[in-house]
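This report looks at how aromatic rings pair with one another in a protein chain. Please keep the sequence and the model in view while reading.

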Amino acid sequence: MISLFRYYKIICVLLLMVISGITITYFLKDYKMKISTSATEKFIQQYMINPNGTFATYLMDDVSVNADTVAGREALSESMGLWMQYAVLKQDQSMFESSYRLLKSHFISPQNYIIWKLSPNGQVSVTTNALGDDFRIIDSLLNASILWNDDEYQELAKEISDTLVTSVQMNGYFVDFHDFLRDESPSTLSLPYVDISALKKMNQKGIIDNSTYVKYSDLLLKMPDDGVFFPKVFDVNTKQYVFDESVNIIDQLIVGIHCAELGRKSEGLISFLKTEFEHQGKLMGRFTRANRKADVTYESPSIYGLAILLAIKSDDHDWAKKLYKRMISLRDQDKSYIGGYVFDKNTHIFDNLFPLLAETAIK
């Protein structure tokens, strides 16, 4: 009888283990499904993609008044880079591969630079790149190459990087853009474009040497601030940092994220934004640097998305959760566009992509 009892006990334990295994498997499957089927991702896929597969900048159609501005369903390389970052973060190789093919077929010029803007049907009317977008795409390609062990992604990253090294520099520094038709560049390097994550991987892969990487990390580590805000630009001719008098918080947060990747804390900026958020219940898009007062009346989902990413990199998860709650409250305002951050029947794709990245990162 004792032997029979032990036999049944073993059978019961095995059955419990099997049931537990099935439960855990379904839980993990359900969790993965929740991550992969974000309502915002669905909104972008349904409403923000042009017939040729490129990402529309705005929900509503419009016509830009000149080549330097963006309107309507025009597509930007910045959107391409953010979507590729999302695919890597989500570890969705199929999504990334589709983006990779789209990048090669529509955005890579014969000179191997990334075209910063396309018409809704894919026509090219500009002859310039955008450094920050290029670095974001290079970073995504190198991350994807590591994640999925695919040398093809790294090869394209090197081709784009080589073009930057040969054409988009002045006085030994990368600059904001290069006009490949006029062979002209500005003397400014916008500090949000100093993408340390990309530069670090470019160094690790031998695309740039260590001294080049150190030069850009020093640029951020030695960068002054005014107690709250960072400068906007580094002038490569005068070697001076330049502050904006009207400060764009999106720029500040991107710089803060790059600094965090180097171990530099953005204590002044974060403390200021926390105080604003506590007192106002929201964050405005721009502030006057002199008096620290908001000089616009709008808040942006992009700001909350970037602030969440900075909070996560700063190991401040409590603040990230508070920001997330406010960000999500801005979603689904227009019930015709579930999952989207749509206001007055329109939205900017960045106000959906940055929140999507933050939503995925915080989960």
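Is Phe272 buried or exposed?

## Basis of the report

The model is a predicted one, in which local features need pLDDT of at least 70 and side-chain atom pairs count only at pLDDT 80 or more, while totals for chains, interfaces and linings use all residues. Residues are numbered from 1 along each chain as its sequence is written, and side-chain values use heavy atoms, with hydrogens and water left out.

## Phe272 and Phe287

Phe272 is buried, its relative accessible area being 12%, where buried means under 20% relative accessible area with a 1.4 Å probe and protein chains only. Phe287 is likewise buried, at 0%.

Rings of Phe, Tyr and Trp (its six-membered ring) pair if their centres lie within 6.5 Å, and the planes count as stacked when under 30 degrees apart, edge-to-face when over 60 and tilted for the rest. By this rule there are 17 aromatic pairs.

The ring centres of Tyr113 and Phe180 lie 3.9 Å apart with the planes at 5°, so this pair is stacked, and both residues are buried. The rings of Phe272 and Phe287, by contrast, have centres 5.1 Å apart and planes at 80°, so they are edge-to-face.

## A cluster and a charge

One aromatic cluster is formed by Phe135, Tyr173, Phe174, Tyr216, Phe234 and Tyr241. Over the ring of Tyr173 sits the charged end of Lys215, 4.7 Å from the ring centre; this description requires NZ of Lys or CZ of Arg to be within 6 Å of the ring centre and within 35 degrees of the ring normal.

Technical notes. Buried means under 20% relative accessible area, exposed over 50%, partly exposed in between (1.4 Å probe, protein chains only).
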